[in-house]
Amino acid sequence: MNAEDARWIDLALAEAQNAADNGEVPVGAVIIGPNSQLLAAAGNKIVELHDPTAHAEMLVMRSAATHLGNERLIGTTLYVTLEPCAMCVGAMSLARIKRLVYAAPDPKGGAVAHGPRFFEQPTCHHRPEAVHLGGEAEAKSAELLRRFFKARR
């Protein structure tokens, strides 16, 4: 993991912790522009907003698109703590995200390396570069999720 990826995934992890503190599943996301400027950061807000689509990834894409005044997020990188679901990767493709960086895999609900492997489908018209960080970032993300779900059981 390079220093740039470490910087942004740490911010996404902080957003995931904020989500957990608010009773949300601890997933955080950050989107940066082509010049490495922060466009948006968010954690899950599904419960808070009573919105099943309020995943961290969706929130940062919406915010970045508003900020840029464009539905196309050309040249952007989206950092997220957990492998995104099919809804989120579909939106990433439509938004033309350049690069997706995620910390931990999600064998149950992920759609990049697991499940439908959305970006590998012939019907997917835009495929961002997808990077699984693993290592320390994965361990931190997995621990946040373990603690959250253990407290709920």
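The model is predicted. Its five-stranded open sheet has the strand order β2-β1-β3-β4-β5, with mixed pairing. Helix α4 is largely enclosed by the rest of the structure, and helix α5 packs on the sheet.

- Strand β1, residues 28–32, pairs with β3 in the antiparallel sense, and four bridges link the two. Within this region, Ala29 stands opposite Val80 of β3.
- Helix α5, residues 135–152, touches β3, β4 and β5. The direction of α5 makes about 60° with that of β4.

**Helix α4**

- Helix α4 spans residues 86–95, and seven of its ten residues are buried, so the helix is largely enclosed.
- The buried residues are Cys88, Val89, Gly90, Ala91, Met92, Ser93 and Ala95.
- The elements that cover these buried residues include helix α3 (56–68) and the strands β3 (77–82) and β4 (99–104).
- Just after α4, Arg96 takes a positive phi of about 65°.

**The cysteines**

- The structure has zero disulfides by the rule applied here. Cys85 is in no disulfide, and the nearest cysteine sulfur, that of Cys88, lies 3.8 Å away.
- A disulfide is a covalent bond between the sulfur atoms of two cysteines.
- The cut-off for such a pair is a sulfur separation within 2.5 Å. The sulfur of Cys88 is 3.8 Å from its closest cysteine sulfur, in Cys85, and is therefore too far away for a bond.
- Cys88 is buried, because its relative accessible area is 0%, and buried means under 20%.

**The aromatic pairs**

- The structure holds two aromatic pairs.
- Phe118 and Phe119 form an edge-to-face pair, with 6.0 Å from centre to centre and 80° between the planes. Phe118 counts as partly exposed at 25% relative accessibility, whereas Phe119 is buried, with a relative accessible area of 8%.
- Phe148 and Phe149 also form an edge-to-face pair, with 5.1 Å from centre to centre and 85° between the planes. Here Phe148 counts as buried at 7% relative accessibility, while Phe149 counts as partly exposed at 32%.

Terms used:
Residues are numbered from 1 along each chain as its sequence is written. This is a predicted model: local features need pLDDT of at least 70, side-chain atom pairs count only at pLDDT 80 or more; totals for chains, interfaces and linings use all residues. Side-chain values use heavy atoms; hydrogens and water are left out. Buried means under 20% relative accessible area, exposed over 50%, partly exposed in between (1.4 Å probe, protein chains only). Contact means heavy atoms within 4.5 Å. Rings of Phe, Tyr and Trp (its six-membered ring) pair if their centres lie within 6.5 Å; planes under 30 degrees apart count as stacked, over 60 as edge-to-face and the rest as tilted. Two strands pair if DSSP finds at least two bridges between them. Axes are lines fitted to C-alpha atoms, for helices over the stretch in contact, and angles run from 0 to 180 degrees between N-to-C directions.
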